[in-house]
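Welcome! Let us take a walk through this structure together, one region at a time.

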Amino acid sequence: MKTLIISDVHANLPALEAVLEDAGRFSRVWCLGDLVGYGPYPNECVERIIELPGIVCIKGNHDAALLGEIETRNFNDEARQSLFWLKSEIKERNFNWLSGLRERVILEGVTLVHGSPRNPIWEYIFGEVIANENMSYFNTQICLVGHTHVPCICSIEGDDLQSTEFKRIEARVSFRITQKCILNPGSVGQPRDRDPRAAYLIYDDEDETWTLRRVGYDINRVQKRILAAGLPRIHAYRLELGK
Ligand code: ZN
């Protein structure tokens with residue numbers, strides 16, 4: 001059975017559609033939060049994700065911000081401006097669905113959180129020190145996280161923590177997991193590793209492989225819609241830079 005793992009879609013429908021097409025056949029989907037924020041297709045993305053097979057979805061900080069559950073003082077001006085727009089756009093039934101999401105889900109040896117197992121909504125796992133500190137906050141072999149928008153695996157090798165970013169891969173890279181690890185699939189809708197292609201992960205439980213994939217999409221279409229909606233220009237520009 002194949003599981004599609006996506007994170008940080010950020011209301012980018014063309015990126016989401018490209019991933020769903022590129023992924024081929026899959027039986028279920030795990031979504032690691034931040035369905036909305038920044039992008040111009042919040043309702044379309046939530047509605048598309050709701051209908052995916054076997055969907056398990058957790059809540060990200062942008063979802064929580066929309067729901068009014070967290071302080072947004074740490075958001076920069078542009079993020080606050082797009083949050084204001086989002087609150088006026090989101091349909092009630094999509095808002096209600098997002099409000100039912102959990103911050104942490106544990107299933108079949110895998111923990112799903114948005115930020116980190118220590119602080120599921122806010123903490124960024126950047127660097128080996130923070131990754132190492134977080135290793136004792138989950139009891140499964142694997143913890144899937146999003147939030148940084150950078151595909152990465154951090155695992156314990158002996159007494160050391162190894163951290164590997166998947167930089168500038170071709171279309172895909174496959175690996176097996178034998179150690180306890182924190183694994184980040186990167187972002188579908190707003191990659192920040194200087195690779196503008198949408199990032200996602202496939203887990204195949206038959207041969208126990210994890211495959212990180214990248215796929216291009218129509219960035220120009222999203223940029224036009226961002227500008228037409230009156231959203232901050234930076235959120236259009238950064239998509240082509242992948243940062
Ligand atoms: Zn995000």
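Helix H2, residues 42–50, packs against helix H5, residues 92–99, at an angle of about 55°, and their axes are 10 Å apart. H2 and H5 are therefore oblique to each other. The crossing in which H2 passes H5 is left-handed. On the H2 side, the contact is made by Asn43, Val46, Glu47, Ile49 and Ile50, while H5 brings Arg93, Asn94, Trp97 and Leu98. Please keep in mind that this is a predicted model.

Now let us turn to the metal. Which residues are the protein donors of the zinc ion? They are Asp8 (OD), His10 (NE2), Asp34 (OD) and His149 (NE2), lying 2.1 to 2.4 Å from the zinc ion. Along the sequence, these donor residues follow the spacing D-x1-H-x23-D-x114-H. The angles among the four donor atoms run from 84 to 175°, and the site is irregular.

Histidine 10 sits in the loop between strand S1 (2–6) and helix H1 (13–22). Histidine 10 counts as buried because its relative accessibility is 2%.

The backbone is worth a glance too. Most residues other than glycine have a negative phi. Histidine 10, although not a glycine, has a positive phi of about 50°. Arginine 168 is another residue other than glycine with a positive phi, near 50°. You will find arginine 168 in the loop between strand S8 (160–165) and strand S9 (172–175). Is arginine 168 buried or exposed? With a relative accessible area of 58%, arginine 168 is exposed, whereas histidine 10 is buried.

Technical notes
Residues numbered from 1 in each chain as written. Predicted model: local features only at pLDDT ≥ 70, side-chain atom pairs only at ≥ 80, totals over all residues. Heavy atoms only, no water. Donors = N, O, S within 2.8 Å, 3.2 Å for Na, K, Ca; no water. Tetrahedral: all angles 85-135°; square planar, octahedral: opposite > 155°, others 65-115°. Axes fitted to C-alpha atoms, helices over the stretch in contact; angles between N-to-C directions. Helix = DSSP H or I, 4+ residues; strand = E, 2+ residues; numbered from the N terminus. Parallel < 35°, antiparallel > 145°, perpendicular 65-115°, else oblique. Left-handed = near helix turned anticlockwise from the far one by under 90°. Contact = heavy atoms within 4.5 Å. Buried < 20%, exposed > 50% of the residue type's maximum accessible area, 1.4 Å probe, protein only.
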